[in-house]
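Please keep the sequence and the model at hand while reading.

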Amino acid sequence: MADFTKYSSPASEWVEYEAAHPVPNMPPGISHEQRKALFNTAREKAFAEALGPVKGVAAIDVSIPTSDESLIAVRIYRLEDDLDALLPLYIHLHAGGFYFGNIETEDVWCRLLCINTRSVVMNVNYRHTPEWTFPTPMQDTFDALDWIIKEYRTYNVDKRSVIIGGISAGAALACAAMLREQDNATNRISGLILTVPPTVDEADYPRYLLKDGYTSLEQNADAAILPRTSLKFFQSLYKADRGHPYTSPLVLPESSFHGFPPTCFHIAGLDPLRDEGLLFARKLAKAGVETRVDIYPGFPHAFMTLPELAESERWRNDLYKGVSWIRKSQSLG
């Protein structure tokens, strides 16, 4: 039985940061839209101040059609010095519990991704709760993938090299996209990057795989950024179908992952979702999938959305290395 509890001891950098940055209280009685606007504006500002401006990248905004005859926004980034070159594709899916996040919160990060991985990057603004529940964000992800593959010539995308990556909710969507590829036998995704991924409905949690059945849901229930109360709030709005095979990949049969591409995991030690991420990485490895796992002991869920942290810089560099590792694995395959 696995025991990952050692990763929860708070890191000194996090202890200092948390003491200096108390969590601001949202004004009482505000609407969902007001709450999201406050959060998204703050995240956009934090990235711009810590990491911006990022030069050398051209971006274009496109409204793309969805399967329910709506439109969603994507932003596509290319290197200014390589506008006509055929480049690999990286599809980015943001964090935020299917509730927070938008094109602008991810803009600086996607520009850095473009430069440091020499990729065409597509930043997808899938639709959010509470207006849009499961499976709409997932279907938006599928539609965005289908669209960019269809339009690969327009954006000089090398459709033989497509990585899809996400953080938290975005990681769940990235994994769902790959499971759909498996079901459809389309094999258009050459690599996955799953950062702090949710991988199982709590009701189906395989506690028997962990020592004494004690999970990070309990150990890190009061951790910063995503305490268990916030996790339940996001879940209550998303309304995932527990019976859908893409909702809980951790409990799917091992055979479901035969043929999965190389997959990178980034796991935070002080995260309620830590154990399900690590168990999923082990499951993929057992199924024969090439895996790479980076662990950030003592840091909470989605700490990388605080770009000023030194550990966030470590994560960014690990992600760039992960992209290179996937591409090297692809070239050797």
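## The enclosed cavity

In this predicted model, the structure holds one cavity of 30 Å³ or more, and the volume of the largest cavity is about 50 Å³. Its lining is made up of Arg43, Phe47, Glu106, Trp109, Ile167, Met304, Thr305 and Trp315. Sorted by class, the lining of the largest cavity comprises five nonpolar residues, one polar residue and two charged residues.

## The second largest pocket

For the second largest pocket, the computed volume is about 180 Å³. The residues that line this pocket are Pro206, Tyr208, Leu209, Leu250, Val251, Glu254, Leu279, Arg282, Lys283 and Lys286. By class, six of the lining residues are nonpolar and four are charged, while no polar residue takes part.

## A buried strand and its partner

Strand β6 spans residues 191-195, and it is largely enclosed by the rest of the structure because five of its five residues are buried. The burial holds for both faces of the strand: Gly191, Ile193 and Thr195 are buried on one side, and Leu192 and Leu194 are buried on the other.

The strand β6 is joined to strand β5, which covers residues 157-167, by five bridges, and the two strands run parallel. Within this pairing, glycine 165 stands opposite isoleucine 193 of β6.

Asparagine 123 lies in strand β4, which is formed by residues 120-125. Is this residue buried or exposed? Asparagine 123 counts as buried because its relative accessibility is 0%, where the cut-off for burial is a relative accessible area under 20%.

The side chain of asparagine 123 makes a polar contact with the side chain of tyrosine 77, at 3.3 Å. When residues up to four places away in sequence are not counted, asparagine 123 touches Ala73, Val74, Arg75, Tyr77, His92, Ile103, Glu106, Asp107 and Cys110.

## Arginine 111 in helix α3

Arginine 111 is placed in helix α3, which runs over residues 107-117. With a relative accessible area of 17%, arginine 111 is buried, since burial is defined as a value under 20%.

Which residues does arginine 111 contact, leaving aside its neighbours within four places in sequence? The contacts of arginine 111 are with Val54, Val57, Ala59 and Tyr77, and Tyr77 is also one of the residues touched by asparagine 123.

Conventions. Residues are numbered from 1 along each chain as its sequence is written. This is a predicted model: local features need pLDDT of at least 70, side-chain atom pairs count only at pLDDT 80 or more; totals for chains, interfaces and linings use all residues. Side-chain values use heavy atoms; hydrogens and water are left out. On a 1 Å grid over the protein atoms alone, a cavity is a set of points where a 1.4 Å probe fits but cannot get out, and a pocket is an open set with protein on both sides within 12 Å along at least five of seven lines; lining residues have an atom within 4 Å of a point. Grid points are joined across faces, edges and corners, and a volume is the space filled by probe spheres set on the points. Ala, Val, Leu, Ile, Met, Phe, Trp, Tyr, Cys and Pro count as nonpolar, Asp, Glu, Lys and Arg as charged, and the others, Gly among them, as polar. Helices (H or I, at least four residues) and strands (E, at least two) are DSSP runs, numbered from the N terminus. Buried means under 20% relative accessible area, exposed over 50%, partly exposed in between (1.4 Å probe, protein chains only). Contact means heavy atoms within 4.5 Å. A polar contact is a pair of N or O atoms within 3.5 Å; within protein, one must be able to donate a hydrogen and the other to accept it, and residues adjacent in sequence count only if both atoms are side-chain atoms. Two strands pair if DSSP finds at least two bridges between them.
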